[in-house]
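Me: I am new to reading protein structures. Could we go through one together, feature by feature?

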Amino acid sequence: MGRIGARGHRGAASPRPASDVRARLRYLKLGVLTAVVAMVVSAASMSTAFGLADLRGFDYLSTLSPPPLPENGPVIVAIDEPSMAEIGIQWPWPRSLHAQLTKALRAAGAKAIGFDIIFAEPSASAESDFALAEASGADIVFAGDETLIKTPQAEQWVRTEPLAELLQNGARAGIASVQLGGDGTLRQIPPYQDGFAVQLADIAERAALPASSRAMLQSFGPARTYPTVSYYQALDPTTFLPKDYFRNRVVIIGLSLQNAPTLQAGGADAFATPFTIHTRQLVAGAEIQATIFDNVVNGLFIEPVSSPFSVAAILFAALLAALLVRRSTGWQTAVFGTVGALVFIGASYALLRSSHMFLSPLGPCLAFFCVAAAQTGFDYAEERRGRRDITRAFSSYLSPAMVERLANDPSQLKLGGERRTLTILFCDVRGFTTISEALKDAPEELTTLINRLLTPLSDVVMESGGTIDKYIGDCLMAFWNAPLDDPDHATHAVGAALRMLDAVDVLNGELLHEARADGREPQRLKIGIGINTGDCVVGNMGSSRRFDYSVLGDSVNLASRLEGQSKTYGVPLLLGEQTARLVGKSFTTVELDSIAVKGRNALSPIHTVLDPSPPAVLLAVHRGVIEAKYAGALRADDESLVRLETEIPQLAGYYRMLRSSLEQQ
């Protein structure tokens with residue numbers, strides 16, 4: 001019993017609204033899209049190409065308003081063109097000259113001195129090597145190198161150290177090797193515990209903070225950002241430099257060309273950095289070591305976020321995009337997309353500056369864009385499909401302009417069925433049975449004749465904003481005020497009826513001309529039209545397999561009845577009472593009678609349209625005749641009937657019918 005009851009309750013429940021079903025389906029599709037985009041972008045973000053794009057994003061963000069140089073950072077002693085010209089010795093210079101520089105810097109108060117030059121082999125002068133070894137001490141760091149050599153058989157790390165005699169007085173070796181990215185740009189903190197900058201920091205009593213193997217450099221500017229003096233100036237600082245210029249400073253000596261080499265020209269001991277994308281210039285190795293020093297000493301290096309965090313950011317961006325487009329897409333989507341991208345870029349920049357962490361905005365921006373763009377594409381395709389469906393469904397019923405309005409704004413269309421006040425028109429051919437009998441041996445001529453009639457009648461309906469409901473043999477049914485709103489639906493319907501009568505006259509003229517040319521009897525067509533206004537249900541009517549956009553209601557039945565009665569009353573056009581009231585200011589209407597309609601207790605007044613309008617005095621006489629008719633006082637020999645039959649020719653048939661009816665009483 002409980003199971004039966006549950007079924008009965010389910011059967012009695014109202015069906016879920018179509019809008020809810022569409023919304024749920026949209027959310028389901030959007031959820032699948034979001035998940036797919038998040039997975040695809042997350043997987044792509046692990047690729048090498050995507051990683052290079054992320055690094056390029058780091059270049060732009062890290063060089064956008066970079067932090068200032070830390071105080072008391074390294075000073076660069078540049079082996080540059082002015083020094084070579086001033087010293088006048090071919091490079092490489094004798095090591096005794098470097099010994100002289102070492103003594104000058106030490107005397108000037110330098111706290112730590114680093115030679116970013118590799119002295120791995122003895123020079124041509126043993127005395128010169130001895131002079132540098134004697135000048136060296138615990139405040140000196142000589143550069144070393146570590147290189148990966150790849151062969152088909154194996155990979156081998158080769159470490160190059162300074163000459164042992166250079167280190168005998170306490171000088172240190174520091175690995176100055178750097179690791180370039182896949183695009184040849186230097187971003188990474190060298191992973192060496194005995195790195196060149198780390199050794200200098202230890203000598204200068206500045207603790208170097210540990211950095212992960214993925215930590216990236218924070219650049220402070222393009223080439224020559226660090227304070228730089230020429231080598232020859234450092235040889236005699238009292239003459240060329242301000243007092244105490246080197247006091248308690250870390251000094252790094254290395255090649256540093258006055259005009260920084262370009263990417264195209266290349267250069268000795270010079271590297272591309274994030275700032276190279278702006279200047280197209282390389283940065284000298286000595287400045288690279290100074291940058292590394294300031295990064296590890298001041299904790300300014302940037303740590304990339306972990307992969308799970310990046311994936312979470314991509315998923316968040318995809319979900320945010322889904323939230324923004326969950327209902328609809330449009331021009332606002334482009335605005336939201338731009339704002340979303342700026343938000344992710346801004347958040348990445350804020351994280352980089354505040355926490356020294358790098359979260360690439362590329363993945364989240366791409367996920368956000370893909371979800372928004374894909375949903376926009378789906379919506380556009382659905383809109384195009386909807387426009388195509390509307391055009392296909394209504395092109396036979398409406399004028400092209402009306403179909404275009406519906407296609408451009410489908411919200412004006414309610415296909416599920418609704419109650420509206422409509423004006424309904426029925427049009428039928430008079431004497432169609434007789435015509436069919438005459439053409440029984442030529443059915444194709446009958447079809448051509450009916451098509452020639454219905455074509456102009458249909459054109460008139462659609463041109464006046466009406467909707468063609470159906471063709472029933474030689475009968476045409478149309479209505480106004482659906483699917484598009486038409487405040488003047490009654491006026492447009494009556495105007496269309498009058499134009500339809502004119503179209504029949506034009507066709508009869510053509511048929512007469514053709515019949516005379518062929519020497520045969522012409523076919524003369526007549527139509528009867530009934531129009532009524534009232535509440536109807538309009539929407540898709542039919543079965544689950546086949547349906548039409550149509551109307552139902554008592555007002556439709558009355559319109560059909562009026563069309564049938566037009567022949568009885570001898571007029572081509574009959575209007576219901578509400579239609580006549582609505583068009584009273586646009587057309588001259590007169591009441592003809594009150595008829596009984598099936599299902600109604602009260603009589604329904606019927607009217608017709610007089611075009612052109614007769615004089616007011618004749619209209620007054622007509623009203624008097626109708627009042628006398630209702631009162632039962634009208635006689636067949638009433639002079640008013642004779643007068644009206646003559647002076648209002650549009651109603652001559654009606655007055656004859658009325659007089660004949662009175663004579664039979």
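Reply: Arg-56, Asp-59, Asp-183 and Arg-187 are joined in a network of salt bridges. Keep in mind that this is a predicted model.

Me: What counts as a salt bridge here?

Reply: A side-chain nitrogen of Lys or Arg must lie within 4 Å of a carboxyl oxygen of Asp or Glu. Searching the whole structure gives 27 salt bridges.

Me: Which residue does Glu-514 pair with?

Reply: Glu-514 pairs with Arg-452, and their closest N and O atoms are 3.0 Å apart. The pair links distant parts of the chain. Glu-514 sits in helix H18 (residues 489–518), Arg-452 in helix H17 (residues 443–463), and 62 residues separate them.

Me: Is Glu-514 buried, exposed or in between, and what about Arg-452?

Reply: Use the cut-offs: buried is under 20% relative accessible area, exposed is over 50%, and partly exposed is in between. Glu-514 has 28%, so it is partly exposed. Arg-452 also has 28%, so it too is partly exposed.

Me: How far apart are the closest N and O atoms of Glu-645 and Arg-659?

Reply: They are 2.8 Å apart, in a salt bridge. Glu-645 belongs to helix H22 (residues 639–647) and Arg-659 to helix H23 (residues 652–664), so the bridge ties together parts 14 residues apart in sequence. Both Glu-645 and Arg-659 are buried.

Me: Are Arg-635 and Asp-637 buried or exposed?

Reply: Arg-635 is exposed, at 52% relative accessibility. Asp-637 is exposed as well, at 57%. These two form a salt bridge, with 3.4 Å between the closest N and O atoms.

**A helix with two faces**

Me: Why can a helix have a face at all?

Reply: An α-helix has 3.6 residues a turn, so residues three or four places apart point the same way. Now take helix H6 (residues 126–135). Its buried residues are Ser-128, Asp-129, Leu-132, Ala-133 and Ala-135. Down the axis of H6 they fall within an arc of 165 degrees, so they line one face.

Me: Which exposed residues are on the face turned away from the buried side of H6?

Reply: Ala-126, Glu-127 and Phe-130. The cover over the buried residues of H6 includes helix H5 (95–107) and strand S3 (140–150).

**Surface and loop**

Me: Which residues form the nonpolar patch on the surface?

Reply: Leu-25, Leu-28, Val-32, Val-36, Met-39 and Val-40 form it, with about 570 Å² of accessible area together. Val-40 lies in helix H2 (residues 18–45). Val-40 has a relative accessible area of 53%, so it counts as exposed.

Me: Where is Ser-65?

Reply: Ser-65 is in the loop between helix H3 (48–62) and strand S1 (75–79). Set aside its neighbours within four places in sequence, and Ser-65 is in contact with Tyr-349 and Arg-353. From Ser-65 to Ser-256 is 191 residues in sequence, and 25 Å in space, C-alpha to C-alpha.

**The whole protein**

Me: How many helices and strands does the protein have?

Reply: It has 23 helices and 19 strands. Of its 665 residues, 45% count as buried.

Me: What radius of gyration does the protein have, against a compact globule?

Reply: The protein has 48 Å, while a compact globule of 665 residues would have a value near 26 Å. Its C-alpha trace spans about 150 × 75 × 50 Å along the principal axes.

Key: Residues numbered from 1 in each chain as written. Predicted model: local features only at pLDDT ≥ 70, side-chain atom pairs only at ≥ 80, totals over all residues. Heavy atoms only, no water. Patch = residues over 30% accessible without salt bridge, like charges linked within 9 Å, V, L, I, M, F, W, Y side chains within 5 Å. Areas by Shrake-Rupley, 256 points an atom, 1.4 Å probe, with all protein chains shown as cover. Helix = DSSP H or I, 4+ residues; strand = E, 2+ residues; numbered from the N terminus. Buried < 20%, exposed > 50% of the residue type's maximum accessible area, 1.4 Å probe, protein only. Rg over C-alpha atoms; globule rule 2.2 N^0.38 Å. Arc of directions from axis to C-beta. Contact = heavy atoms within 4.5 Å.
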